[in-house]
Amino acid sequence: MEDSTGHLPSPAKKPLKKQWLEAVCAYQYVCTFLFMGAFFSLLLPLLLFTPFWSVSVLYWTWLWLDWDTPNRGGRRSEWLRKSVIWKHQRDYFPIKLVKTAELPPNGNYVLGAHPHGIMCHGAGCNFGTESNAFSQKFPGIKPTVVGLAGLFQVPVYRDYLMCLGLCPVSRRSLDFILSQHQSGQAVIIMIGGAQESLYSCPGQHRLTLRNRKGFVRLALRHGACLVPVYSFGENDIFDCKVFAPDSWQYLLQVTFKKLLGFAPCVFLGRGLFSADSWGLLPFARPITTVVGRPIHVPQCLSPTTEQVDHYHTLYIKALEGLFEEHKESCGIPASTHLTIV
C-alpha cells in the first residue's frame, strides 16, 4: 500500500517479496486490460504464415463454433476467479468490499456500479474475482459483470473475460441471465460506461447517470431489485488529463467512443521499478466498494416512461445517500458531493 504520494511502504511495514508480488499482479491487470486483445488479434492472423498455422486455424474454428456462448451466460472458471493473483492485486491498493444489507438469494438483482474509472479496478476485483470473498458475503448470489459487447469478439481475450464471469452488456445477454430458472442472479453494469471514464480524475465524483435509464427498464422487465454500488477511490489511482468539452481533444475522444465503444483516455500511473517515475502501474491508493441496499422493483414486461423515471429517481436518491453515508469513512471531505450529469 502506498502513502498519499504514491510511494510503496518501507520493507519494515511489508516484506519486499510481498511488495513485488502485489505490484506485479496489479501491473498484469493493466497490461491485460490494455494489450491482451490487440496482441492476439495480431498474433493469430500472423500465425497463418508460419509453421504454426494449424494453431490459428483450430482457434478460428473454435471461435466460430463458440461464437454465441457470451450471450448465453458465458463460461466462468472458478479456478481463475479464485487465483491468488487477485489477492495480491487486492492487497496492493488495498481493495475492500463493504456490505450494507442482505441480498436474499430468492431474487435477482441489477447492480449499478459507479464510477467507471479508467479500468474498473473496484468492480473487477470485487465482482469478477473471489479475492474479497463475494460468494461468502452474499451467499447464493451469482455475480456477472457485463462489459462492452465488442470485447467478446476479440480472439482469446473473450475467453479470458468469460473465465472471469463476464458477459456482454447487450439486451440478449442480460435477458438470458435474468431469465434463468435459478434465482440469485446479479448483473453488474458500469452505468456511466466509456463517457464516465473521461472524468476519472483524482478527487472527482462526477457520474454519467442523468439520462442513463436502460438499466432501470431492464430491472422492471424482470422484476429485479436495483442496487447502487460505489467504489470510493476508483478515480484516485491514476492521474488523468481531462479536456474541456469544447476542445478538439475532447471531440476526438467522443468521436472515437461513438465509433468503437470506448474512449481513449490520457492517463499516467507510477513506474513498476520506481515510485518516482511515470508508468502504467496504478498508484496504491485504497479503493472501497460499498454495496447499497436493494430497491425493490415490480415486474412489468412493458414499463411506461413514468415507471422508468420513478425508479430512476429512487435509484439516484439511494446512490446519493450511499455516497453521503460512507464518504467520510473513506477519506472524502464532508463538503464533497456527487455530481450527476
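Me: R158 and D66, buried or exposed?
Reply: Both R158 and D66 are buried. Keep in mind that this is a predicted model.

Me: What do the side chains of R158 and D66 form?
Reply: They meet in a salt bridge, at 3.1 Å from N to O. The pair ties together distant parts of the chain, 92 residues apart. R158 belongs to helix α7, residues 157–163. D66 lies in the loop between α2 (53–65) and α3 (78–81).

Me: Why would two such side chains pair at all?
Reply: Side chains of opposite charge can pair when their charged atoms come close.

Me: How many salt bridges does the structure hold?
Reply: There are 17 salt bridges in the structure.

Me: Ok, E22 next. Which residue does E22 form a salt bridge with?
Reply: E22 bridges to K14, and their closest N and O atoms are 2.9 Å apart. E22 and K14 are both buried.

Me: And which residues are linked in a network of salt bridges?
Reply: K14, K18, E22, R90 and D91 make up that network.

Me: What about D175, who is the partner there?
Reply: R171 is the salt-bridge partner of D175. The closest N and O atoms of that pair are 3.4 Å apart.

Me: Why are D175 and R171 separated by about one helical turn?
Reply: Because they are four residues apart in helix α8, residues 171–178.

Me: D175, buried or exposed? And R171?
Reply: D175 is buried, with a relative accessible area of 19%. The cut-off for buried is under 20%. R171 is exposed, with a relative accessible area of 57%.

Me: Where does α1 bend?
Reply: At F35, by about 50°.

Me: Which residues of α1 are buried?
Reply: Quite a list, including Q19, E22, A23, C25, A26 and Y29. Also among them are V30, T32, M36, G37, L44 and L47.

Me: What covers the buried residues of α1?
Reply: The cover includes α2, α4 (84–92), α5 (121–127) and α7. Helix α7 is also where R158 sits, the partner of D66.

Me: Now α11. How far apart are its end C-alpha atoms?
Reply: They are 18 Å apart. Helix α11 has 13 residues, 248–260, so at 1.5 Å a residue it should span 18 Å, and the two values agree.

Me: Which residues are buried in α11?
Reply: Y250, Q253, V254 and K257 are buried there. Seen down the axis of α11, the buried residues fall within an arc of 95°, so they line one face of the helix.

Me: What does the face turned away from the buried side of α11 carry?
Reply: That face carries the exposed residues W248, L251, L252 and L259.

Me: And what covers the buried residues of α11?
Reply: The cover includes α9 (193–197) and β9 (266–270).

Me: What follows α11?
Reply: G261 does, and its phi is positive, near 95°.

Me: You mentioned β9. Which sheet has β9 in its order?
Reply: An open sheet of three strands, in the order β8-β9-β10, with antiparallel pairing. Its edge strands are β8 (239–241) and β10 (278–279), each pairing on one side only. Between β8 and β9 there are three bridges.

Me: What is the order of the seven-strand sheet?
Reply: The order is β1-β11-β7-β2-β5-β3-β4, in an open sheet with mixed pairing. The edge strands are β1 (95–99) and β4, and each pairs on one side only.

Me: Why call β3 largely enclosed?
Reply: Five of the six residues of strand β3 (residues 142–147) are buried, so the rest of the structure largely encloses this strand.

Me: How many bridges pair β3 with β5?
Reply: Five, in the parallel sense, with β5 being residues 185–190. V145 stands opposite I188 in β5. K142 stands opposite Q185 in β5.

Me: And how many bridges join β3 to β4?
Reply: Two, and those strands run parallel, β4 being residues 167–168. There, G147 stands opposite P168.

Methods: Residues numbered from 1 in each chain as written. Predicted model: local features only at pLDDT ≥ 70, side-chain atom pairs only at ≥ 80, totals over all residues. Heavy atoms only, no water. Expected span 1.5 Å × (residues − 1). Buried < 20%, exposed > 50% of the residue type's maximum accessible area, 1.4 Å probe, protein only. Arc of directions from axis to C-beta. Contact = heavy atoms within 4.5 Å. Salt bridge = Lys/Arg side-chain N within 4 Å of Asp/Glu carboxyl O. Bend = angle between axes of the 7 residues up to and from the residue. Pairing = 2+ DSSP bridges.
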